[in-house]
Amino acid sequence: MTPPDPSLVRIDGPWAHRDVSANGIRLHVAEAGDGPLVLFLHGFGQFWWTWRHQLTALADAGYHAVAADLRGYGDSDKPPRGYDGWTLAGDVAGLVRALGERQAHLVGHAWGGLLAWTAAALHPRVVASVTVLGGAHPLALRSAIARTGLRRKRSNQARALAHLFRFQVPMAPERWLTEDDGANLAGLLRAWSGRQWTATADFDTSSALFREAMLIPGVAHSALEYYRWAFRAQFRGEGRRFGAEVSARVSAPVLQIHGAADPCVLPETARASAPWRGPRSAMDELDDIGHFPHLEAPEPTTKALLDFLART
């Protein structure tokens, strides 16, 4: 079967697509509206389209809403290197500047949330606020994994992120993600989601698109490289340096939106991120919602985000 072309992610809608050069690579973005910049950063196994509900709502509310394909995903460049925390945060900061702005409100899901928090620590001048969905501060996540290990326990962050360990071996995870037209990715999406969303046609549509985008040449490998650097850096000096550089409380206000039923990043791990949140921060937990608040509960998620932006 011929692999899909990256252009498949350039889905038509009330937004415009363009390529932006930032931090030495080309990043594809979809954008709508005018006003203060709000930059959306997706998580593992997705692409910019995951933010379609928020993209249009924020444009209607008077913001310049931009959703990016992260390095290695969608129709952005897929270089063999650059999946470390410093380079990825540099992508975010470079994208803000390349979009012609001095600052942006960063909104990230899971891995995108980790990057938003990291960018706020490493490039504070370009970050006006941080919103994290289904994620936690890098050090809160690291601490929770180290503390719980793989012991049998009802609430165990290491067991909840068991895929992090499975993704460390070479080649086999790439094959696993892409076999049977990405069916295993769909299985992860279903396992991490709340039951209400998985019973809808919207889940089926989203799952099918994410599966197809994972089959774009280079995407599976790039997506896994995020996890591989995060794990392997813990045993190297760069991991200690990275931890030291993100250890301070960020100066920007932070909003955490988290599903109370998130089985991937546990709610207690998200709450443990409080010491790193800046002034005027808040956390909203959504009942019966899993790992994808922006997809499972788009209206409450968007309202919480707009209320937070209005305050900041």
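**Sheet and salt bridges**

A: Start with strand 6 (residues 127-133) and strand 7 (residues 254-259): they run parallel, joined by four bridges. Strands are DSSP E runs of at least two residues, helices H or I runs of at least four, both numbered from the N terminus. Two strands pair when DSSP finds at least two bridges between them.

Q: What should I know about the source?
A: This is a predicted model: local features need pLDDT of at least 70, side-chain atom pairs pLDDT 80 or more, while totals for chains, interfaces and linings use all residues. Residues are numbered from 1 along each chain as its sequence is written, and side-chain values use heavy atoms, without hydrogens and water.

Q: Which residue stands opposite Thr-131 in strand 7?
A: Leu-255.

Q: What's the strand order in the open sheet?
A: 1-2-4-3-5-6-7-8, eight strands with mixed pairing. Strand 1 (16-22) and strand 8 (282-286) are at the edges; each has a single partner strand, so one side of each lacks a neighbour in the sheet.

Q: Switching topic. How many salt bridges are there?
A: The structure has 12. The cut-off is a Lys or Arg side-chain nitrogen within 4 Å of an Asp or Glu carboxyl oxygen.

Q: What does Arg-52 pair with?
A: Asp-202, with closest N and O atoms 2.7 Å apart. Arg-52 is in helix 1 (residues 52-60) and Asp-202 in helix 10 (residues 201-214), so the pair ties together parts 150 residues apart in sequence.

Q: Is Arg-52 buried or exposed?
A: Buried, at 9% relative accessible area. Asp-202 is partly exposed, at 27%. Buried means under 20%, exposed over 50%, partly exposed in between (1.4 Å probe, protein chains only).
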